[in-house]
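This report describes one protein chain for a reader who is new to structural analysis. Please consult the sequence and the model while reading.

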Amino acid sequence: MLWDLQLVIEFPPGSTILIPSGVLQHSNTPIQKGEERYSFTQYTAGGLFRWVDHGFQKEDEYHSSLSKEEAVEEEVAMRCCWTMGLGLFYTLDKLKNLCR
């Protein structure tokens, strides 16, 4: 269940899914008595992505190295980050077209 997107998705057995849990509330539905569910969870801290995006610099070092124009561009990019991230996911229409 992806609460923020108001979606309930049934994934086939053996599926691999990636959910950015820092931005999307999610949960599983209960299973029936006698059924089994297995999952494998991995976590990556968002700070690792920022470290790479900022040229392997600490956040304060990165921001202090920016010109005024670059700082404005960075601020705009940060405001658009969530929307950009959602755009990385396939829609059901895109998935249907891939299967044709």
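His54 is located in the loop that joins helix 1 (46-53) to helix 2 (59-64); helices here are DSSP runs of H or I with at least four residues, strands are runs of E with at least two, and both are numbered from the N terminus. The model is predicted, so that local features require pLDDT of at least 70 and side-chain atom pairs pLDDT 80 or more, while totals for chains, interfaces and linings use all residues. Residues are numbered from 1 along each chain as its sequence is written, and side-chain values use heavy atoms, with hydrogens and water left out.

Is His54 buried or exposed? His54 is buried, with a relative accessible area of 4%; buried means under 20%, exposed over 50%, and partly exposed in between, for a 1.4 Å probe and protein chains only. Apart from neighbours within four places in sequence, His54 is in contact (heavy atoms within 4.5 Å) with Glu59, Tyr62, His63 and Glu74.

## Overall form of the chain

The chain contains four helices and zero strands, and its elements follow the order α-α-α-α from the N terminus. Its radius of gyration is 19 Å, well over the 13 Å given by the globule rule for 100 residues, so the chain is more spread out than a compact globule. This radius is taken over C-alpha atoms, and the rule is 2.2 Å times the number of residues to the power 0.38. The C-alpha trace spans about 60 × 30 × 25 Å along its principal axes.

Of the 100 residues in the chain, 6% are buried. Among contacts with a separation of 6 or more, 26% are between residues 24 or more positions apart.

## Surface and charge

The accessible surface of the chain is about 9,500 Å², and carbon and sulfur atoms account for 58% of this area. The area comes from the Shrake-Rupley method with a 1.4 Å probe.

There are 9 positive and 14 negative side chains, and the centres of the two sets are 8 Å apart. Lys and Arg count as positive and Asp and Glu as negative, without His or the chain ends; each charge is placed at NZ of Lys, CZ of Arg, CG of Asp or CD of Glu.

## Cysteines

A disulfide is a covalent bond between the sulfur atoms of two cysteines. The search of the whole structure finds zero disulfides, the criterion being a pair of cysteine sulfur atoms within 2.5 Å.

Cys80 is partly exposed at 42% relative accessibility, and Cys81 is partly exposed at 37%.
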